[in-house]
Amino acid sequence: MQTVSLVIFGAIILFTAFKLLKKKAIVPVAAPAGFKQVLTDQVPFYNQLSPPQQQQFQQRMLQFLAQVKITGVNATVEDIDRIYISASAIIPVFNFANWEYFNLHEVLLYPDSFDDEYKQAGGGRNILGMVGNGAMNHVMILSQQQLRQAFSNASGKENTAIHEFVHLIDKTDGDIDGIPASLLDKKYVLPWLQLMHAEISRIKANDSDINPYGITNESEFFAVAAEYFFERPDLFAEKHPALFLLMEKIFRVTN
């Protein structure tokens, strides 16, 4: 009996090891058409990097595309969408060399807005991006129209795809609560909370240019502030210097 138990145990170990190895195997993907040109023309974050960093950025985008499935739901996924989605994934975690989105398996691309039941038709469709929960755990949904608009608008401060990836980053400590514990040193948690609540008060008083959606809760404030931080860093630093410096610490941006 003991021998049989050992054989069974050994078989379980081998099977588990096989599954883990299989899961870790990454099939390389070819760069989407127009890869470098789109990054140069439409992704300001990429253009602020040195040539070696740009190479790293490209490689990490391709790694993301090899690991995360992108599926169109009543929408045709094109190379431009793959470029925009993978760039949005890497921008907020670029300074974390070994970062992987273990909590994301698939991105669903809808043609436009949807409601909280994922319906693409009818009234009440005011959602442009979402990180799934429950049965939709490990899934992100993005509006194709909004994804493309964010990158084509050079002067904009908003980017829904970056917003949703920041939610995923926030979620890595178990809670989407606006406190990125996996990134933020404990000594900065209190100053972050104080600045966040002060800025939320300013938004409510119409005394801030941060997206008013940030008053929804702390997690939404973190996400909309991060959009602004990455899309228009110079303007963000001018308008919100203290917040900018703290977000540099969160995302480990060095100058």
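# Close-up views of a predicted model

**View 1. Strand S4 is covered on both faces.** On one side of S4 sit Val-139, Ile-141 and Ser-143, on the other Met-140 and Leu-142, and all of them are buried. The model shown in these views is predicted. In S4, 5 of the 5 residues are buried, so the strand is largely enclosed by the rest of the structure. In a regular strand, side chains alternate between the two faces of the sheet. Across the protein of 255 residues, 43% count as buried.

**View 2. Four strands make an open, mixed sheet.** The strand order is S1-S2-S4-S3. The whole protein has 11 helices and 4 strands. Which strands stand at the edges? Strand S1 (69-72) and strand S3 (129-131) do. Each has a single partner strand, so one side of each is left without a neighbour in the sheet. Neighbouring strands are turned by 15 degrees against each other on average, with direction ignored. Strands of a sheet pair through backbone hydrogen bonds, either parallel or antiparallel.

View 3. S3 and S4 (residues 139-143) run antiparallel and are joined by 3 bridges. Gly-129 stands opposite Leu-142 of S4. Val-131 stands opposite Met-140, also in S4. How many bridges link S2 and S4? There are 5, and the pairing is parallel. Tyr-110 has Ser-143 of S4 as its bridge partner. Ser-143 is one of the buried residues of S4.

**View 4. Helix H6 packs on the sheet.** H6 covers residues 144-152 and touches both S2 and S4. The direction of H6 makes about 70 degrees with that of S4.

**View 5. Helices H5 and H6 cross.** Two packed helices are described by the angle between their axes and the distance between the axes. Here the axes of H5 and H6 come within 10 Å and cross at roughly 70 degrees. H5 and H6 are therefore roughly perpendicular to each other. Which residues of H5 take part in the contact? They are Ile-80, Asp-81, Tyr-84, Ile-85 and Ser-88. From H6 come Gln-144, Leu-147, Arg-148 and Phe-151.

**View 6. Phe-45 and Phe-94 form one of the aromatic pairs.** A search of the whole structure finds 22 such pairs. The ring centres of Phe-45 and Phe-94 are 6.1 Å apart and the planes stand at 80 degrees, so this pair is edge-to-face. Phe-45 belongs to helix H3 (residues 44-47). Phe-94 lies in the loop between helix H5 (79-90) and strand S2 (106-110). The pair therefore ties together parts that are 49 residues apart in sequence. Are Phe-45 and Phe-94 buried or exposed? Both are buried.

**View 7. Phe-230 meets Phe-251 edge-to-face.** The ring centres of Phe-230 and Phe-251 lie 4.9 Å apart, with planes at 70 degrees, so the pair is edge-to-face. Phe-230 is in helix H9 (residues 218-231), while Phe-251 is in the segment after helix H11 (241-250). The contact ties together parts that are 21 residues apart in sequence. Phe-230 is buried, with a relative accessible area of 6%. Phe-251 is also buried, at 1%.

**View 8. Lys-157 lies over the face of Tyr-228.** The distance of Lys-157 from the ring centre of Tyr-228 is 5.0 Å.

**View 9. Glu-199 is a buried residue of helix H8.** Helix H8 spans residues 189-204. Relative accessibility of Glu-199 is 4%, so with a cut-off of under 20% Glu-199 counts as buried. What does Glu-199 touch? Residues up to four places away in sequence aside, Glu-199 touches Ser-208, Ile-210, Phe-221, His-240 and Leu-243.

**View 10. Gln-63 and Pro-28 are brought together across the chain.** Gln-63 sits in helix H4 (residues 51-67). Gln-63 is partly exposed, with a relative accessible area of 32%. The C-alpha atoms of Gln-63 and Pro-28 are separated by 7.2 Å, and the two residues are 35 residues apart along the chain. For the protein, 64% of the contacts with a separation of 6 or more come from residues 24 or more positions apart.

Notes. Residues are numbered from 1 along each chain as its sequence is written. Side-chain values use heavy atoms; hydrogens and water are left out. Rings of Phe, Tyr and Trp (its six-membered ring) pair if their centres lie within 6.5 Å; planes under 30 degrees apart count as stacked, over 60 as edge-to-face and the rest as tilted. Helices (H or I, at least four residues) and strands (E, at least two) are DSSP runs, numbered from the N terminus. Buried means under 20% relative accessible area, exposed over 50%, partly exposed in between (1.4 Å probe, protein chains only). A charge sits over a ring if NZ of Lys or CZ of Arg is within 6 Å of the ring centre and within 35 degrees of the ring normal. Two strands pair if DSSP finds at least two bridges between them. Axes are lines fitted to C-alpha atoms, for helices over the stretch in contact, and angles run from 0 to 180 degrees between N-to-C directions. Contact means heavy atoms within 4.5 Å. Angles under 35 degrees count as roughly parallel, over 145 as roughly antiparallel, 65 to 115 as roughly perpendicular and the rest as oblique.
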